[in-house]
Amino acid sequence: MDSIGPLAGPSQAPVDYRRVFAQAIDRLHAEGRYRVFIDILRNKGAFPNARCFAGHNGPKPITVWCSNDYLAMGQHPLVIAAMEEALHDVGAGSGGTRNIGGNTHYHVDLENELADLHGKEAALLFTSGYVSNEATLHTLAKVLPGCVIFSDELNHASMIAGIRNSGCEKRVFRHNDLAHLEALLAAEDPSVPKLIAFESVYSMEGDVSPIAAICDLADRYNALTFLDEVHAVGMYGPRGGGISERDGCAHRLTVIEGTLGKAFGVMGGYIAADRTIVDVIRSYAPGFIFTTSLSPVLVAGVLASVRHLKGSSVERDGQQAAAARLKAMLAEAGLPVIPGDTHIVPVMVGDPVEAKRISDILLAEYGVYVQPINYPTVSRGTERLRFTPGPAHTQAMMRELVDALVEIWSRLELRQAA
C-alpha cells in the first residue's frame with residue numbers, strides 16, 4: 001500500500017490517494033448500491049440448483065433465479081461434451097490474437113453458423129458482448145466521416161461507450177419513441193451518414209423495440225441500423241435468431257450484434273453483417289485486433305449450442321412458459337411485477353437499500369439467489385429484483401419463491417402492486 005501513499009511536489013499539498021479511493025467506495029455504501037458478489041458453484045446437470053459459500057458453515061444449497069444462462073445451455077450434455085472433446089483435441093487456449101496464432105477452425109465454423117443464423121454474409125467473434133458493441137459502434141462511426149448516431153435512451157452501457165469513444169455526434173431518442181426518432185432524423189443534414197443503434201429486448205424493462213418501424217425510418221432517411229440482440233438470440237424465432245428473425249426483418253438490418261454468454265450458455269460476443277462491413281470491423285477495430293481470441297474450448301461449446309438451438313424449440317418453449325407462469329403468480333400475489341411478453345420478470349422495489357435487504361433475506365433464510373439491480377444499471381428510484389425463470393424452474397420452486405416474497409414484503413411493510 002506504500003506505493004499509493006501521499007505524494008507532493010515542492011510547493012503542493014500532498015494528495016491522499018487512499019482517502020480518495022476510500023471515499024469513492026464509501027459513497028456507494030452510503031447510497032446503498034455497493035455491489036457484493038455472491039460466491040456460488042452451480043451443480044452440473046442440475047441447474048438451477050447450486051451451492052453458496054457466503055457463510056462459514058460450508059456450502060449451502062440454493063436455487064438460482066438471476067442467471068442469464070436463460071435456457072440452461074451451459075449445462076447441456078452436448079455443450080459439455082463438445083468442450084471436453086475440444087480440450088483434449090487442441091488444448092486450453094487459442095495462443096494469440098486472430099491475426100497471430102489465435103485463428104482456429106472452431107472460430108471459422110462458428111462465424112459461419114452465426115452468419116447463417118441471421119441470414120447475413122459474414123460474422124465476427126469477440127471476447128464478449130460488451131466488446132462487440134463497443135468496438136463495432138466505435139469503428140463504424142470512425143470510418144464514416146461526420147457520422148451521427150441515433151441512440152435509444154435505454155441502450156446498454158457498452159453501446160453508449162462505443163458511441164462516446166468514437167467521438168461522433170450523437171442524438172438520444174426517447175425509449176422506443178418513433179415520433180421522436182423521426183423528428184431527430186428529419187432535422188439532420190440529408191448528406192450526413194446516419195446510424196440508428198437500438199436493442200431488441202431491453203433486459204431491465206423486458207419490453208421489445210419496434211424493429212420493422214425503425215427500419216422503415218432508416219430507409220426513409222438513408223440511415224444504417226445496428227441492433228443489439230443479446231437478450232434475444234437463442235430465445236426467439238424458429239431457429240433462435242432473435243426478435244428480428246421472429247418478426248421477419250433480419251434482412252433489413254445492417255448489423256446484428258449478439259452474445260454467446262446468455263441463451264447460448266458459454267461466453268463471447270459477435271456481429272453479423274455483409275462481408276464488407278465485417279471486414280472493416282475485423283481490420284480497423286482495436287477491440288478485435290489487439291485481443292487474444294476466445295479459447296477454442298469455449299468456441300466449441302458455443303458451436304454445439306447454436307447448432308442445437310437452431311433445430312430445437314423445446315428449451316425456448318419451456319422458458320417462455322416458465323416466465324409467463326411466474327409473472328402470473330407474482331401478479332396474483334399482489335407483488336409489483338412489471339408486465340410484459342418477454343422472458344424478463346422484473347419486480348419493482350424503488351429503493352437500493354430495500355432491494356439489497358430483500359435479496360439478502362431471500363438468500364439467507366430461503367436459499368433463493370437473486371441479485372438486486374441498482375443504479376447505474378437502472379435509473380435511480382427504479383431499483384428492482386430481476387428474475388429469469390428457465391425451463392428447469394419448476395412450479396414448486398415458483399410457489400416457494402412467491403411465498404417468500406409475500407412474507408418479506410409484509411415483514412418490511414413494502415408497497416404492493418396497485
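The largest cavity in this predicted model has a volume of about 90 Å³. A cavity here is a set of points on a 1 Å grid over the protein atoms alone where a 1.4 Å probe fits but cannot get out, and a volume is the space filled by probe spheres set on the points, which are joined across faces, edges and corners. Lining residues have an atom within 4 Å of a point. For the largest cavity they are Arg98, His107, Leu125, Phe126, Thr127, Val131, Gly287, Phe288, Thr291, Thr292, Ser293 and Leu294. By class, 5 of them are nonpolar, 6 polar and 1 charged; Ala, Val, Leu, Ile, Met, Phe, Trp, Tyr, Cys and Pro count as nonpolar, Asp, Glu, Lys and Arg as charged, and the others, Gly among them, as polar. β4 and α10 each supply at least two residues of this lining. Such names refer to DSSP runs numbered from the N terminus, with helices (H or I) of at least four residues and strands (E) of at least two.

Residues are numbered from 1 along each chain as its sequence is written. Local features need pLDDT of at least 70 and side-chain atom pairs count only at pLDDT 80 or more, while totals for chains, interfaces and linings use all residues, and side-chain values use heavy atoms, with hydrogens and water left out.

Two residues of the cavity lining, Phe126 and Phe288, also belong to the topic of aromatic pairs. Rings of Phe, Tyr and Trp (its six-membered ring) pair if their centres lie within 6.5 Å; planes under 30 degrees apart count as stacked, over 60 as edge-to-face and the rest as tilted. The count comes to 2 aromatic pairs. One of them joins Trp65 and Phe387, edge-to-face, with 6.4 Å centre to centre and 80° between the planes. Because Trp65 lies in the loop between β3 (60-64) and α2 (77-90) and Phe387 in strand β14, this pair ties together parts that are 322 residues apart in sequence. Trp65 is buried at 1% relative accessibility, and Phe387 is buried at 0%; buried means under 20% relative accessible area, exposed over 50% and partly exposed in between, with a 1.4 Å probe and protein chains only.

The rings of Phe126 and Phe288 have centres 5.7 Å apart and planes at 70°, so this pair is edge-to-face. Phe126 lies in strand β4 (residues 122-126) and Phe288 in helix α10 (residues 286-289), so the pair ties together parts that are 162 residues apart in sequence. Phe126 is buried, with a relative accessible area of 3%, and Phe288 is buried with 9%.

The second largest cavity holds about 30 Å³ of space. Its lining consists of Ile38, Lys356, Ser359, Asp360, Leu363 and Gln371. Ser359 is found in helix α13 (residues 352-366) and counts as buried at 5% relative accessibility. Not counting residues up to four places away in sequence, Ser359 touches Val370, Gln371 and Pro372, where contact means heavy atoms within 4.5 Å.

Open space is a separate topic. A pocket is an open set of points with protein on both sides within 12 Å along at least five of seven lines. The largest pocket has a volume of about 1500 Å³. Of the 48 residues that line the largest pocket, the closest to its centre are Arg35, His156, Met204, Ile373 and Thr377. The elements that give two or more residues to this lining are α4 (129-143), α5 (157-166), β9 (255-259), β13 (372-373) and β14 (384-387). By class the lining has 18 nonpolar, 18 polar and 12 charged residues.

Most residues other than glycine have a negative phi, and most peptide bonds are trans. The peptide bond from Tyr375 to Pro376 is cis, with omega near 10°, and Pro376 is found in the loop between β13 and β14. The bond from Phe47 to Pro48 is also cis, with omega near 15°; Pro48 sits in the loop between β1 (40-42) and β2 (49-52). Ala72, in the loop between β3 and α2, has a positive phi near 60° and counts as buried at 14% relative accessibility. Asn222, in the loop between α7 (211-220) and β8 (224-228), has a positive phi of about 55° and is exposed, with a relative accessible area of 62%.
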